[in-house]
Each structure stands twice: as structure tokens, then as C-alpha cells.
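The entries follow in the order in which I made them.

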Amino acid sequence: MLLDAKIPDGPIEQKWDNRKSELKLVNPANKRRYNVIVVGTGLAGASAAASLAEMGYNVQSFCIQDSPRRAHSIAAQGGINAAKNYPNDGDSIWRLFYDTVKGGDYRSREANVYRLAQLSNNIIDQCVAQGVPFARDYGGLLANRSFGGAQVSRTFYARGQTGQQLLLGAYSALMRQVDAGRVDLHSRFEMLDVVVDEGKARGIVGRNLVTGEIERYVGDAVILATGGYGAVFFLSTNAVNSNVTAAWRAHKRGACFANPCYTQIHPTCIPVSGDHQSKLTLMSESLRNDGRVWVPKEKGDKRPPDQIPEDERDYYLERRYPSFGNLVPRDVASRNAKAVCDEGRGVGQTGLSVYLDFADAIDRMGEQVIRERYGNLFEMYERITGENPYSGPMRIYPAVHYTMGGLWVDYNLMSTIPGLFVLGEANFSDHGANRLGASALMQGLCDGYFVIPYAIGDYLAGHSFSELDTRADAFEASHREVESRLDALLAVNGDKTVGNYHKELGLLMWEYVGMERSEEGLTKVLSEIPALREEFWQNVKVPGANSHFNKNLEMAGRVADFLELGELMARDALERSESCGGHFRAESQTEEGEALRKDDEFSFVSAWEFNGVGETPTLHQEPLEFQNVKLTQRSYK
Amino acid sequence: MTLNLHIWRQEGPDRPGKLVPYKAEDVNRDMSLLEMLDVVNQDLIKRGEDPIEFDSDCREGICGMCSLVINGVAHGPLNGTATCQLHMRHYRDGDSITIEPWRSQAFPVVRDLVTDRSSFDRIVQAGGYISINTGNAPEANALPISKVDADLAMDAAACIGCGACVAACPNASASLFTAAKISQFASLPQGQPERSERALRMVDQMDEEGFGNCSNHGECEAVCPKEISISTIASMKRDYVKAALTV
């Protein structure tokens, strides 16, 4: 298989314009003859479905939640980046591009990232026009704040609920199209297979989560916007229903999976409190704008924070990275937190947390200002921990948050299956080995509002489509496979619950494929995951039947897929014996313990082709060429 | 601690339901209530019984999926808190907890504690948007909006669409949900061109779905996890009356 990224010709500033001028168009009268399937209703899926329907395509939209408004984009807190340069602090499209490529540790495609930076401004315009209530200054203009990994203030926000407000904007645009009769909405539906006919993606098969019925839908193109796979770690900031199933089933049908080992550990999460924990809660890293991170200088110092004098505190990020201080990128902040805890200087009952202290900020600006900026985050913290962060420091610890890897796509967002497009976190394309804060919302909306409307027209106009209905052989075969897998899950009737297996897998992943990976650990886990998977299929207990609402049956299918994905993540991590961004290999670090890239060996995208469960997948490489940005070892000192 | 649970079990929308007693043992005070139910479910599954079905997703109070009536109160005893952020430290050993689904004709039970809230989607579909196609937007800062108006809009926009307002209302009215959206847009200049039609269509849709009317009990505001103000309902009613008289 040859990976053709289809990057347009020309200087980087003109690539997207050049591509738009070459793309074929579908004339307005013909658009209604095409059916487009959009799976997922987060920022990418909802914005794509709405935009395509506005253009005149027939759209079928699917989500696993009871309403499209609940997709997990809703939980993004901090903000969305754009290169508007409203604060007049030196921002530009070029700088947003540069920061994103650098933040991604030079493992993303320059052309994609440049387009993202260019389109970022259109997103803000679009969202404001939809009535998204962004924060404003007293003069009535839009407010900005700074965020990790950047030295300018380019982040637009709506209190601590930016993801919610942007998603509700996209959702309202989607519902307007439902009202106009251009979108058919299918909530509580889980896609379980993509149907490939004559080499093209032509539909999906999935389960109606209310009735258990297996349903088939035919289309001329299929768009997956189904999010990331962080829930493979069991404990993560993902929603409990977040899963890899749609992307994984597409992978098994021929879509290459790119850079699966690139996972992001978020530095500012609420620490784990016990075995019962079902998920971890992130607090926006915008907190690092005003909070100072510290631990005691002495190991095992168990005094309460207010009894530790200033000179016995180690503000380790400010000490080690004087120019970025508490605003170093997420991976650097996370690894440093783990390092000080490993040294025995962690705080709290478990010793697995560090302080995030607002005392100085409250002294400087007053409690009211802090309350306005972070009030809802502080409340959330207090609700979960029972501790008041206005009177003492918060405790934070890193948690799995985002997955930069995903299905491989070309510049037009098409996977290696023709007609299967992948948007948002589900693809791999823009963040390289590490995503900067406030860039996920930007990418999801960029893909959905401004890229796919162009890209899909070119695909549809450039291909002919045979008449196909849902009784075709390809649908029959897919239906049988989906059904037999569900039956198999129910038939095992063993001793351990789906939750037991999910937790066991999560612990393995956190230990060996988490913040720090080593050859020894990865080799070990590459035999342990398949063993766990085998045990799962012999001993899992899935209650109930297929014919009704059955959360455990849903989860069983997802955990079964995670047990396959986990192995691929470990294999990818083992293969990439360099450190880059969120992927830290113990064997590849500088003398100061920083990630050490090996550009000569690893300046490529790893795209894995599926060869069967338990079979070694085939690695394809897409070389990364940097013509505009000079590769440097990242330094935030 | 040990808790005595009484949980609503119902196999489907047309089947009878009943409260079934369960004992939750070794409950840790740092658990959330949903995590306590997770533990109960693990035991039920191991014993070969059907687990209790309930909705939840983000478990951080923003997606609006979780929806339990706890001891008669939608989302339980804490103000401004969704079910998923209610922790067991607010209960004591030996307490009894009754857990039921949202109850409203417009939210039929799917199974156990899971309800169908698609009626909310249909209310939004009837006008909970600003009609702007992708690509048509003017420059964002071309339209200054006073901070006061922007903040008012944000207060209303914080609604998570959970439906607690309906569950708490003696009339099962969806007024707070509908008003939150209507008043968000009414506070903003972008919302003005469609303001009247939006109020008419959304309120009519709310009625058509079988939700009751507002009679100012204020139960909705009391249980709202985002503390949306009942003043949004007053604003919606003014818009509706004005629109009905002029359109």
C-alpha cells in the first residue's frame, strides 16, 4: 500500500487555496442525489453534518448518546485558539502554525497544520454568528486568554464551558437542518461496521441501542467523527461511553491506523481517590495561567500546605523552565509531576498529586477576579474532593486526556478506504505527537465546517456509484458478522464482568504504555494484552440479551475492541524507539531527562494495516518533510 | 458504610415498574453515587441478575446524560449539582436512598432509570438556533456586544438539557429548558431577527410534546444543576405574548 498524502503544490500559504481551486464541485441540483453518512455528533461530526446539509446533500447523522448535544466535545473547558491577534501581541497565522508544529514535536504534517491555522479565524466568526456567548471585554469585543505552549493570548473562551458552547452552536446548526428535513437523526445508535463495496465505503451497520436491532444504512460516502480512544486506559478524562469501536471496525476493514502510541496525558486532573473510581476529571489547564505548581522540597514532608514555608517549597516548573514556567506544554508538565511524585515528594493521602496554588493570584487580583475566571472549575473541584481551593491549594495529577493518533487520512481527510473520511480526534492529522491546549476544538470545527464540505464534493464528483441497497451482499455479510460477534459476547457466560477486564487492561496500559514507555515494559505488555484478550473471550460475563437496552453488552463490544487496539498501541510505541511529544521512551532522553527525538530515523507517520486479530500488522511509513519550520529540540526553558 | 437502596426497575416503556430493595455494602465516602451504582451492578452481574440500567456519560456534570430522582429530588440533595457529581460523603451509614427515573409523559421510560428525552431535541429543532449557514459569518469583532448582555446570554446558555426541570415540576413543564435557549438568543443581537418566531415555535412545540405549563412553582430553578434562573421563563413569556399579538 502506498500512502499518498495528496499535499497540494505551492508555497505553504497557498496550498489550501490551490487545493480548493483544483477540487471538483458538485452542482447544486446534483447535491440532493448524494447521501452522506456522518457518524458522531461532536464538534467535528455535528459541524460536518450541518454544513453538508446546508449545501444540499442528504445527510444521515448517528450518535450513541440519547441526543447529539451530549457528545464528549461538550466537556472541553478551556477554549479554542485562533490567530485573530486581537490582543495585538504579535500573533499571526504563521505563529499559530509554528507553535502547533513545534508543540506537536515535529511529528505532524506542515500543510495540514498551516491550513488549520488559516481557518482558525473563520471558526470564531462562524461561532459568534451562531450566538456562541464567548467571553467579552467591557468594550464589548471578544476577550482572549493565554494557554500552555504559546507566548501570545489567542484563546477564545466561554467561561470554563467552551466546548459546551461550541458544541451547542454546532448542535443548533444540525437541528436546524433536521428541521429543514435535510438531516435524518439517529440517536442511541452504535456503528459496528463500515460496509465496503467495490472498494468504496458505502454504508454502515450498527445496533439500535434501545431495541437491540441490527440496522443497515447505505450512502455514497461515510464520515467518521467518533472521537479518540483514551478510554483504553479505563481511567481517563473521556466520558464513560467514549470508545474506539467505530474507528477500529473501519481499521479492520482496511483503514490504516496512524500513530496509535501518541496519547496525551493532561497535567491538571483531580487525583484518583480509590478503586471505585470510574473516570478522572480534568480541570482546564487555563488554571496554570494563574496557579503555581509546587511540592515540598523535602521527601515525605507530610505537613499541610499552609504550614510549609515559602523557602521549603519547590515551584519546580518555574525553577526548571524559567521562560515558560507553569505554562510549559502538557507533556512536559505531566512528566515533571510524575517525576517529583516518583522522588517521594508527592502530596495528599496517596502521594500521587502535586499542589496547584492560587494564593499569590488571589493576593494580587483578589478572590473576585479568580472567581470570575475559574469559578466553575473551583466549584467542580470542591464538589469532587470536598476541599475548598479558595482557602488552600488544589491537588492535581496527570491523567490520559486526548489521543493524537487515529485513522490515517490524506490532506483531504480521506482514509485508506476510498469514500471513508475521518474528522476530529478520530483522525491523526494535525497535532503530531502532542496537542496544544485549546487546539482540539479548533481542529474538530475546522475539519467539519471548512474542510470536509470541499473535500467531499471532489470525491463524489470524481467517482461513479453503482446502485446499492441494504440487501446487497456486502451488507448481508457485514450484518452477519456484527450479529455473530454480539451473540459470541453473550454466549461466553464466564465469571468476570466487562468492567473487570476494562480495568485490568487499563492498568496494563497505564503502567507500560502510559507516561513513560520502555522496551522491556512494552515487550512484556505485548504478551500480556493478547493473553488478557484470550481470557476475556473465554471468561467474560455479559448479562441480559441483545433484544433490549443493554449497557453491558455495548461496553463488552467496546472493551473487546480496546483489547485489540491496546496491542497495536504497544507495538507502535515499541517500534518508535525515540521520544517525541506525548510518547516518552525511557531509552531516548537527554541528560536533563527531556524527550530526545531521533529525526533521522523517525520523521515519519506510522500507519498500520490490519492483518487479523493476533497477527502482526504491516507498518507503512509516510515521510514527514519540513520545508518551512526548522526542526529543533523543543525547549521551554 | 452500608446503604439501603430502593431502585425503580422497569423492563420497558409499556411494562409495569416497581421499586426493588438492594443493599449497598462497603460504600466509600469518596465514591460518587453513580460509582456506588457501578459497584452494585458488578455484584448483580456476578450473581446472574440483570444490572440496573441508568444513563451517564461525561461524569463531570456537563453532558446532561445522568438523570436520577434521588429521595424525591431530581439530581439529589446538593444545589447546582448533577447526579454524577453527587458524592457519598453526603450520606451516612444506614441511610435509605430511593432512586427513580425522571417522570414525565414526555420522557417515556426506556428501561429502569433510562428515559427517552428526544422531545427536547424536537423543541430545539423548532427554532433553538440562529439561521446562519457555514461560511456566511461576518468578522467576529464587527458586532460588539456589551459584557452585561454577553454574560446574561452565557448564564442561560449554561443549560445542559438534562431535564431535571421537567422531573421536578408538578406540571412536568419544560419551561425552564425552553426559556434558557430562547432567552440566550434574546439577549444577543444575533438572535433578534428570528426572536418572535423562535418564541412561538419553540413554546408551541413544547406544548405539542405533552409538557405542562409553568405555574411559577420554581421547583425547576431549585433543582437545576446549572442554576438557570426562573427569570428566563418570564422573559420567554413576554416574548411569546408579544409575538402572539404581532405575528
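**Entry 1: two helices in chain B**

I began with the residues that α2(B) and α6(B) use to touch each other. On the α2(B) side I listed R122(B), I123(B), V124(B) and Q125(B), and these meet R201(B), M202(B), Q205(B) and M206(B) of α6(B). I sorted this contact by class and got four nonpolar, two polar and two charged residues. I note that the model I am reading is predicted.

Next I looked up how the two helices lie. Helix α2 of chain B covers residues 118-125 and helix α6 of chain B covers residues 195-208; they pack at an angle of about 155°, and their axes are 8 Å apart. Angles over 145 degrees count as roughly antiparallel, so I wrote down α2(B) and α6(B) as roughly antiparallel to each other. Their crossing is right-handed.

**Entry 2: α6(B) again, with another partner**

I stayed with α6(B) and turned to helix α8 of chain B, residues 231-246. The packing angle of this pair is about 105°, with the axes 8 Å apart. From α6(B) the contact takes R195(B), S196(B), A199(B), L200(B), V203(B) and D204(B), and from α8(B) it takes M236(B), D239(B), Y240(B), A243(B) and A244(B). By class I found seven nonpolar residues, one polar and three charged.

**Entry 3: a helix pair in chain A**

Then I moved to chain A. Helix α4 of chain A (residues 93-103) packs against helix α5 of chain A (residues 110-129) at an angle of about 135°, and the axes are 8 Å apart. That angle makes α4(A) oblique to α5(A). This crossing is right-handed. I listed I93(A), W94(A), L96(A), F97(A), T100(A) and V101(A) from α4(A), which meet E110(A), V113(A), Y114(A), A117(A), Q118(A) and S120(A) from α5(A). The contact of α4(A) with α5(A) divides into eight nonpolar residues, three polar and one charged.

**Entry 4: where the chains meet**

How many residues does each chain give to the contact? I read 77 residues from chain A and 73 residues from chain B. The area buried between the two chains is about 6300 Å², and carbon and sulfur atoms give 50% of it. In chain A, the residues that lose the most area to chain B are R70(A), H276(A) and R383(A), together 12% of what that side buries.

I also looked for salt bridges here, and the rule finds six across the interface of chain A and chain B. I checked the one between R117(B) and D66(A), where the closest N and O atoms are 3.1 Å apart.

**Entry 5: salt bridges in the whole structure**

Last, I searched the whole structure and noted 67 salt bridges over all chains. I picked R176(A) with E54(A), where the closest N and O atoms are 3.8 Å apart. R176(A) lies in helix α6 of chain A (residues 162-179) and E54(A) in helix α3 of chain A (residues 43-55), so this pair ties together parts that are 122 residues apart in sequence.

Conventions
Residues are numbered from 1 along each chain as its sequence is written. Chains are lettered from A and ligands numbered from 1 in the order in which they are written. This is a predicted model: local features need pLDDT of at least 70, side-chain atom pairs count only at pLDDT 80 or more; totals for chains, interfaces and linings use all residues. Side-chain values use heavy atoms; hydrogens and water are left out. Axes are lines fitted to C-alpha atoms, for helices over the stretch in contact, and angles run from 0 to 180 degrees between N-to-C directions. Helices (H or I, at least four residues) and strands (E, at least two) are DSSP runs, numbered from the N terminus. Angles under 35 degrees count as roughly parallel, over 145 as roughly antiparallel, 65 to 115 as roughly perpendicular and the rest as oblique. A crossing is left-handed if the near helix is turned anticlockwise from the far one by less than a right angle, and right-handed if clockwise. Contact means heavy atoms within 4.5 Å. Ala, Val, Leu, Ile, Met, Phe, Trp, Tyr, Cys and Pro count as nonpolar, Asp, Glu, Lys and Arg as charged, and the others, Gly among them, as polar. Buried area is the accessible area (1.4 Å probe) that two parts lose on being put together, summed over both. A salt bridge is a side-chain nitrogen of Lys or Arg within 4 Å of a carboxyl oxygen of Asp or Glu.
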